[in-house]
Amino acid sequence: MSIALAMVASPQAHELRARGCGALRDAHGLPWVQCLALDDSGRWLTPDEGEAALACDDFRHPYAHAIHRGKPVRLGLGDARSRLDHPDFQGHVSTLPGHLQLEVRPLRAVDGAREWLGVLAFAASETTLGELHDDPGFAHFETLLCHLWARHSRHLDERRQRARLSDSLSKLNDGARRESLSRKLADDILGESATIVSLRQQIVRAAETSLAVLVQGETGSGKDLVAHALHRLSARAGGPFVALNCAAIPETLLESELFGHARGAFSGADKARTGLLGEADGGTLFLDEIGDMPLALQAKLLRVLESGRYRALGESEERRSDLRLVAATHQPLREHIRDGRFRADLFYRLSQFPLTLSALSERREDIAMLAEAFVADFCRREGRDDMGITPAALRLLRERDYPGNVRELKNLIDYACAMTPLGDDIEALHFMPPPAIANQAASAPARMDTAESATSISDLRQALRDYEAWLIRERLSRFDGNRSLAAQSLGLPKRTLAHKCQQLELDAK
Ligand SMILES: Nc1ncnc2c1ncn2[C@@H]1O[C@H](COP(=O)(O)OP(=O)(O)OP(=O)(O)O)[C@@H](O)[C@H]1O
């Protein structure tokens, strides 16, 4: 009765087997008793002592014979040692005297779903084995062992099934939640092309993590939009979103802008400044045009990303900032790595979750939807009645090139909306600049030279600033907002152009 109680009280199958083996050893003075459990695949028998599993179809050990026959197997140990050359089995019985008998009994689940549970193996003298079999308590013991073992296995199966069920339910919920987020995102990141649908799904995935995201894509393709969406959907949405355009800040100021500085750290630093790394603590730092970051600063940024620590200029104390970094570029960073202009280690650290935006010309099917949304935006902004777009105008939009991508399309639509008379729909002709404006644009620099305009100038600096602003605006518009091309055409580094745009309060984009 005490054996039965101890077995019933076993919380787990392996304890049940250990208590059963112990009881058998003690009650009958057996020198060696062991249980081996059949695994879920039904192919391996595993001892509880953490020894190696033995294959059920390897007939070099007697456990396989017992399972396959479905009946107990008995053999002399001396014989077993010389005939059966399975190393693990030999390991089990190597220290036992050769005159003993080995009995292996397959154990079957009485009421469980699993047919075979495993085997019970023990060694004893022939006399002891005889006594054991004559003892009616042994048969009860074996029945109880099988019954309890099967119950444990059943519970384990149920637990696993429940875990699998709850796992797949939570995956299903996750899937539904992600699907609904990515549908919501479609209100901001418009488009139904396969690449945009997949982009929205990736944004939702990336937002769930704190991985650094590198957004790559041509100018005007929506990188800024993606960075904002990542922040909004992330757990950091309640924290700050801090953006820095690395191309728009002179190299010398970039470091203090990012890292901050102590008062008096350099000439002109009359006040201490936190720096954007500190400002972004608890939120997202968006580094646009990361390809323009100087090499020395790249190394420092890498250190911040690796350690979360940084030191402001002129300070000895390290600061910490817990931020998620989103970086963006339209430049081919891999080429820059080959040319030694961008650090490979930083590139890999930034692109823990890479996102690539396709050019608008690769998803022309989105053009009509974008155009209609931009027309509606214009009407809302300008308080105008809704207007449509004629099929011919839409055809023109679908067919033209877009080096400036979605931004270019948006500007084009804004212009056409402004050119469309009240109550009319936008027609193809409304996308063409009127000759008067084109001519005026072409002749403006020349007019600056005329005596008439020269006499009206009373502030040379202002006049030069106006001329510069006009010229930059003209180039940006000529190259559809592409800063690299505009800068190139004016013989300026792109960073300088971006800086000038900021100073002159021009839309740098
Ligand atoms: N899929 C889109 N749906 C709606 N608007 C879009 C989409 N993609 C871009 N836009 C709009 O196009 C304009 C340019 O987008 P954005 O500034 O995000 O481009 P960018 O890739 O960051 O450009 P740059 O490389 O010049 O910084 C913005 O007005 C933006 O709202």
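Two strands are said to pair if DSSP finds at least two bridges between them. By this criterion, Ala 37 has Thr 46 in S2 as its bridge partner. The structure described here is a predicted model.

**The antiparallel sheet**
- Six strands form an open sheet with antiparallel pairing, in the order S3-S2-S1-S6-S5-S4.
- Strand S3 (54-55) and strand S4 (73-76) are at the edges and have a single partner strand each, so one side of each is left without a neighbour in the sheet.
- Three bridges join strand S1 (residues 32-38) to strand S2 (residues 44-47) in the antiparallel sense.
- Helix H2 (residues 13-28) lies across S1 and strand S6 (116-124), and runs at about 155 degrees to S1.

**The parallel sheet**
- A further open sheet has five strands with parallel pairing, in the order S8-S9-S12-S7-S13.
- Its edges are strand S8 (241-245) and strand S13 (353-356); each has a single partner strand, so one side of each is left without a neighbour in the sheet.
- From one strand to the next, the twist averages 15 degrees.
- S8 pairs with strand S9 (residues 284-288) in the parallel sense over five bridges, and Asn 245 stands opposite Asp 288 in S9.

**The shell around the ligand**
- Of the 18 residues around the ligand, those that come nearest are Leu 190, Gly 222, Lys 223, Asp 224 and Val 406.
- The shell comprises five nonpolar, seven polar and six charged residues.
- Domain 2 (186-358) and domain 3 (362-432) each contribute at least three residues to the shell.
- At least two shell residues come from each of helix H9 (223-233) and helix H17 (405-419).

Key
Residues numbered from 1 in each chain as written. Predicted model: local features only at pLDDT ≥ 70, side-chain atom pairs only at ≥ 80, totals over all residues. Near = placed C-beta within 6 Å. Helix = DSSP H or I, 4+ residues; strand = E, 2+ residues; numbered from the N terminus. Nonpolar A, V, L, I, M, F, W, Y, C, P; charged D, E, K, R; others polar. Domains from an automatic or database assignment. Contact = placed C-beta atoms within 7 Å. Axes fitted to C-alpha atoms, helices over the stretch in contact; angles between N-to-C directions.
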